[in-house]
Protein chains: 2
Amino acid sequence: MLYSLNTGGKRIRPLLLIAVAGSYRPVNEAVYTLGAAVEMVHTYSLIHDDLPSMDNDDTRRGKPTNHKVYGEALAILAGDALLTESFSLIGNINEEELPPRDALYLNRRLAEASGATGMVGGQVADMEGENRDLTLEELEWIHRHKTAAMLAFAAEAGGVIGGAPPEDLSLLRPFAEEVGIAFQIKDDILDIEGNESAIGKPVGSDENNGKSTYPSLLTLSEAKRKLRSHMEKAEHMLRSLTVPAPDLFSVLSYIEDRDR
Amino acid sequence: MLYSLNTGGKRIRPLLLIAVAGSYRPVNEAVYTLGAAVEMVHTYSLIHDDLPSMDNDDTRRGKPTNHKVYGEALAILAGDALLTESFSLIGNINEEELPPRDALYLNRRLAEASGATGMVGGQVADMEGENRDLTLEELEWIHRHKTAAMLAFAAEAGGVIGGAPPEDLSLLRPFAEEVGIAFQIKDDILDIEGNESAIGKPVGSDENNGKSTYPSLLTLSEAKRKLRSHMEKAEHMLRSLTVPAPDLFSVLSYIEDRDR
């Protein structure tokens, strides 16, 4: 469990959660705990996605994947336990920091965002779409479920623990869904234009694997236009919040300008 | 997900949960929902345990295992989603039936009973103990974590949703841990004395697989004595409850006398 948690990565989900929460109140341990829970769910999904029966990846973030080090059985169980532990973490946050009704709501939303109606559903659709051409709608459905749902949860969770007013809470999920799609488009662009040592995998691997991507369905320049358009929607929603949220604008810039 | 849920089995965890809850108040939909959540976690664990990299079982309850029908990737994901959905189910129970603080407590306890500190931890120890002789203490540690922890959760959850008084709640977990060990001893005895068509696997398969069991460590007659001793402890705790609980005595008899 710790091996995969400690391999680093962009930590984009806790980053987003903390940036949202920090827009409303000083960030404290409870916020970090929630961020850890979200990262643990993400890490579990990477461990399982990398398994031989799924994407069969030998490296992740430049290090051997979990099953390469510990074997398949322990990798499956490490993923299972990380997922499980995330619910325990949320349930253990101090009641003054996160009232039981809010914690229970977040547990339920985390389950929805990560399970059959969210991330796992997206992974199933992703696998079933392999080796055939996807439509843009299918590609978007996959990314909304596989990636954007958990980002939306991260943003909403940050809002809930930060004590955001209802009008902001109702913006944070759609905001983060735009961020999620933008994030994925950027990933696809980096796979074409990126620097191999920065992104940690061979440039052009999507094309070589016959994967449908935004550039392959839209052309590279159209994909860039679409990335900007999702960013603009996200920026617009950020400006509509009741607080200034400069850290969230920084997260947006980071996602759009990153080289890995 | 439905394929494995619908293959039946003894449903011992929801049975226990419902029998506890029903000792305190009429059983309603919320109780069944909690029972379903517990059975989903159990079913996820069976799907993952049966995988080629774990126990590599082709049949379960007389039907092909999940990965034999749907492939390994979907089996892993079905398990993941069943585990996740269980937390969602508990989070969706009506507040009048289960106040948010209680629901959150049960979510946390479910995570502890099923994750690294419970069932998954037991499965890891079980795998690491393969192909060597275990001590009785090691065997008991495995079963306390792999089996008894979830039975203890089922009993406690039944008590919480049934509105059991604190003195009963503090008995229900140790009660169910005794039941869990007894359950496992009975399983080991059935593997020697059982009827092949009733238990759904070849008699003697533990011995042929070189597995440490209660009879192999203790002799068959000592294992039977130990089964009775755990049952007596469980019966004693049942008699100490503030309610009569005849259904729980029936569950005990069922576990001790079952032929599968």
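Predicted model: local features only at pLDDT ≥ 70, side-chain atom pairs only at ≥ 80, totals over all residues.
**View 1. A salt bridge joins A:E95 and B:R101.** The closest N and O atoms of this pair are 2.6 Å apart. A salt bridge here is a side-chain nitrogen of Lys or Arg within 4 Å of a carboxyl oxygen of Asp or Glu.

**View 2. Chain A and chain B bury about 3100 Å² between them.** Buried area is the accessible area (1.4 Å probe) that two parts lose on being put together, summed over both. Of this area, 71% lies on carbon and sulfur atoms. In chain A, the residues that lose the most area to chain B are A:L77, A:T84 and A:L104, together 19% of what that side buries.

**View 3. Each chain brings 36 residues to the contact.** Contact means heavy atoms within 4.5 Å. Six residue pairs across the interface are in polar contact, both residues being at pLDDT 80 or more. A polar contact is a pair of N or O atoms within 3.5 Å; within protein, one must be able to donate a hydrogen and the other to accept it, and residues adjacent in sequence count only if both atoms are side-chain atoms. On the side of chain A that touches chain B, α5(A) gives the largest share, 12 residues.

**View 4. B:S114 is found in helix α6 (residues 100–114) of chain B.** Helices (H or I, at least four residues) are DSSP runs, numbered from the N terminus. B:S114 is buried, with a relative accessible area of 0%; buried means under 20% (1.4 Å probe, protein chains only). Its side chain reaches the backbone oxygen of B:L110 at 2.8 Å. Not counting residues up to four places away in sequence, B:S114 touches residues including A:T84, B:V41 and B:M150.

**View 5. Helix α13 (residues 220–239) of chain B has 20 residues.** Among the buried residues of α13(B) are B:L227, B:H230 and B:M231. The buried residues of α13(B) pack against α8, α9, α12 and α14 of chain B.

How values were computed. Residues numbered from 1 in each chain as written. Chains lettered and ligands numbered in written order. Heavy atoms only, no water. Helix = DSSP H or I, 4+ residues; strand = E, 2+ residues; numbered from the N terminus. Expected span 1.5 Å × (residues − 1). Buried < 20%, exposed > 50% of the residue type's maximum accessible area, 1.4 Å probe, protein only.
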